[in-house]
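Good morning, colleagues. Please keep the model in view as I speak.

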Amino acid sequence: MNPDIKSEEDIAKMRESGHIAGHILARVASEAKPGVTTQELNDLAEKLAREAGVKPAFLGYDNFPAVLCTSVNETIVHGLPGDEKLHEGDIVGLDFGVIYEGWYSDTAVTVGVGEISFEAQRLLRVTKKALRLGIRKAKPGNTVGDIGNTIQRYAESEGYSVVRELVGHGIGKDLHEEPHVPNYGKRGEGEVLREGMTIAVEPMLIDGLADLKLAADRFGYQSPHSKLTAHFEHTIAIKAKGAEVLTEARR
């Protein structure tokens, strides 16, 4: 199936969806403090989405029963919110999206809870930079392999592993569309990027082997070796001169 090419009007709707999601995620991330539960973060995201007049993108998707993915420490993605309290030194991945007038957005950050270790700070810094470097490769004529290769080479040069079982994706009227956007690969391979494509780029790094296991909540994926993990994500549009990030909070 060929990736859907969006019009400027379509991208404008996705831009609004992305700004709303980015704003809500920033608000939620600011509340990730010691003593706060992941369920409280989820409830805040749901409240803010309701106030913004948008639908949460994840609620009910593949039977996911929450609006926010909360992935703590060794859990890399899709963690289910619950009554667990965040502790000083934790890092928590927050993955969120909304539906605005039928158009999806998808974005994620990993943040420290209180004071975090140097190792955790470094993992977050490298993963965030990997996202930035990957987005820089997202321009017409390049391929998804160019994005993945750039992320992989940078992550591995810094001593981290990239997850292979889970990948970025196309996005638009559906949360997950073609093409797959892996965080690894070879230059020049995979789908050729064209102006008007909209994709979610989302590096997932582990401070150890890139093994995964299903978490006890049956939704999250985590390092079986209890290694720290991090995840950052933006929804972007492929424009003539490069990528436009659609999920930054509007200032």
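Of the 251 residues of the protein chain, 53% count as buried, where buried means under 20% relative accessible area, exposed means over 50%, and partly exposed lies in between, with a 1.4 Å probe and protein chains only. This is a predicted model, in which local features need pLDDT of at least 70 and side-chain atom pairs count only at pLDDT 80 or more, while totals for chains, interfaces and linings use all residues. Residues are numbered from 1 along each chain as its sequence is written, and side-chain values use heavy atoms, with hydrogens and water left out.

The protein chain has four helices and 17 strands; helices (H or I, at least four residues) and strands (E, at least two) are DSSP runs, numbered from the N terminus. The radius of gyration is 17 Å, close to the 18 Å that the globule rule gives for 251 residues, so the protein chain is as compact as a globular protein of that length. That radius is taken over C-alpha atoms, and the globule rule is 2.2 Å times the number of residues to the power 0.38. Along the principal axes, the C-alpha atoms fill a box of roughly 45 × 45 × 35 Å.

The accessible surface of the protein chain comes to about 11,300 Å², of which 47% belongs to carbon and sulfur atoms. Accessible areas come from the Shrake-Rupley method with a 1.4 Å probe, and for residues only the protein chains shown count as cover. Among contacts between residues at least 6 apart in sequence, 71% join residues at least 24 apart, a contact being heavy atoms within 4.5 Å.

Let us turn to the strands. How many residues of strand β4 are buried? Six of its six, over residues 91-96. Ile91, Gly93 and Asp95 point one way from β4, Val92, Leu94 and Phe96 point the other way, and all are buried. In a regular strand the side chains alternate between the two faces of the sheet.

Strand β2 (residues 69-72) pairs with β4 in the antiparallel sense over four bridges, two strands being paired if DSSP finds at least two bridges between them. Within that pairing, Thr70 has Leu94 of β4 as its bridge partner. With strand β7 (residues 107-112), β4 pairs in the antiparallel sense over six bridges, and Ile91 stands opposite Gly112 there.

Elsewhere, an open sheet of three strands has the order β1-β5-β6, with antiparallel pairing. Its edge strands are β1 (55-56) and β6 (103-104), each of which pairs on one side only. Strand β5 (residues 98-100) is joined to β6 by two bridges, and the two run antiparallel. Here Ile99 has Tyr104 in β6 as its bridge partner.

Next comes a hairpin, which joins β9 to β10 through six residues. Strand β9 (residues 168-170) runs antiparallel to β10, with three bridges between them, and Gly170 stands opposite Glu177 in β10. Strand β10 (residues 177-181) also holds Pro179, and the peptide bond from Glu178 to Pro179 is cis, with omega near 5°.

Most residues other than glycine have a negative phi, and most peptide bonds are trans. Which value does phi take at Asn73? Phi of Asn73 is positive, at about 55°, although this residue is not a glycine. Asn73 is found in the loop between β2 and β3 (75-77) and is buried, with a relative accessible area of 18%. Arg218 also has a positive phi, near 70°. Its loop lies between β13 (213-214) and β14 (221-222), and Arg218 is exposed, with a relative accessible area of 60%.

I close with two buried loop residues. Ser223, in the loop between β14 and β15 (229-231), has a relative accessible area of 2%. Not counting residues up to four places away in sequence, Ser223 touches Glu74, Ile206, Asp211, Lys213 and Thr229. Ala66 is in the loop between β1 and β2 and counts as buried at 4% relative accessibility. With residues up to four places away in sequence again left out, Ala66 touches Asn42, Phe58, Leu59, Leu80 and Pro81. The C-alpha atoms of Ala66 and Gly79, 13 residues apart along the chain, are separated by 9.9 Å.
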